[in-house]
Amino acid sequence: MFKATLQTNQTEYTSEASSILEALNGLGLDFTQVKTKGSVKITDGEKSAEKDYTLPRLRRLMMFHPLRKGLANELEMRLK
């Protein structure tokens with residue numbers, strides 16, 4: 001079970017799912033709600049991976065599904 005956490009706008013959004021991509025998609029955040037830079041953290045048991053984003057990149061990540069898939073692949077490689 002993977003847990004995704006997005007910290008932005010002084011708020012923390014979390015989601016849990018069986019895959020990293022499903023957890024990222026389940027954050028329930030629209031790109032228009034992103035107002036500041038933030039970080040994405042994936043946790044799988046004791047393993048975790050985190051990546052920081054500037055405002056434009058984080059907005060694009062929330063807007064485009066293919067970018068989330070790329071992030072999911074990158075974070076999966078970091079977890080191993």
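Let's start inside. The largest nonpolar core has 21 residues, and Leu 24, Val 40 and Ile 42 touch the most other members. Keep in mind that this is a predicted model.

Who builds this core? Strands S1, S3 and S4 each give at least two residues, and so do helices H1, H2 and H3. H3 supplies the largest share, with four residues. There is a general pattern behind this: in soluble globular proteins, nonpolar side chains tend to be buried together.

What does Val 40 touch? Leave out residues up to four places away in sequence. Its contacts then include Leu 6, Leu 24, Leu 61, Leu 71 and Leu 75. Thr 5, Ala 49, Glu 50, Lys 51 and Tyr 53 are on the list too.

Next, helix H2, residues 55-63. Which of its residues are buried? Leu 58, Leu 61 and Met 62. Look down the axis of H2. Its buried residues fall within an arc of 95 degrees, so they line one face of the helix. What covers them? The cover includes three strands by name: S1 at 2-8, S3 at 38-44 and S4 at 47-53. Helix H3, residues 65-79, is also part of that cover.

Last stop, the surface. Find Phe 64, in the loop between H2 and H3. Phe 64 is partly exposed, with a relative accessible area of 39%. Together with Met 63 and Leu 67, Phe 64 forms a nonpolar patch on the surface. The accessible area of these residues together is about 260 Å².

Inside, the core with Leu 24, Val 40 and Ile 42. Outside, the patch with Met 63, Phe 64 and Leu 67.

Key. Residues are numbered from 1 along each chain as its sequence is written. This is a predicted model: local features need pLDDT of at least 70, side-chain atom pairs count only at pLDDT 80 or more; totals for chains, interfaces and linings use all residues. Side-chain values use heavy atoms; hydrogens and water are left out. Buried means under 20% relative accessible area, exposed over 50%, partly exposed in between (1.4 Å probe, protein chains only). The arc is that of the directions from the helix axis to the C-beta atoms. Contact means heavy atoms within 4.5 Å. Patches are made of residues with over 30% relative accessible area and no salt bridge: like charges are joined within 9 Å, nonpolar side chains (Val, Leu, Ile, Met, Phe, Trp, Tyr) within 5 Å. Accessible areas come from the Shrake-Rupley method with a 1.4 Å probe; for residues, only the protein chains shown count as cover. A salt bridge is a side-chain nitrogen of Lys or Arg within 4 Å of a carboxyl oxygen of Asp or Glu. A nonpolar core is a set of buried Ala, Val, Leu, Ile, Met, Phe, Trp, Tyr and Cys residues joined through side-chain atoms within 4.5 Å.
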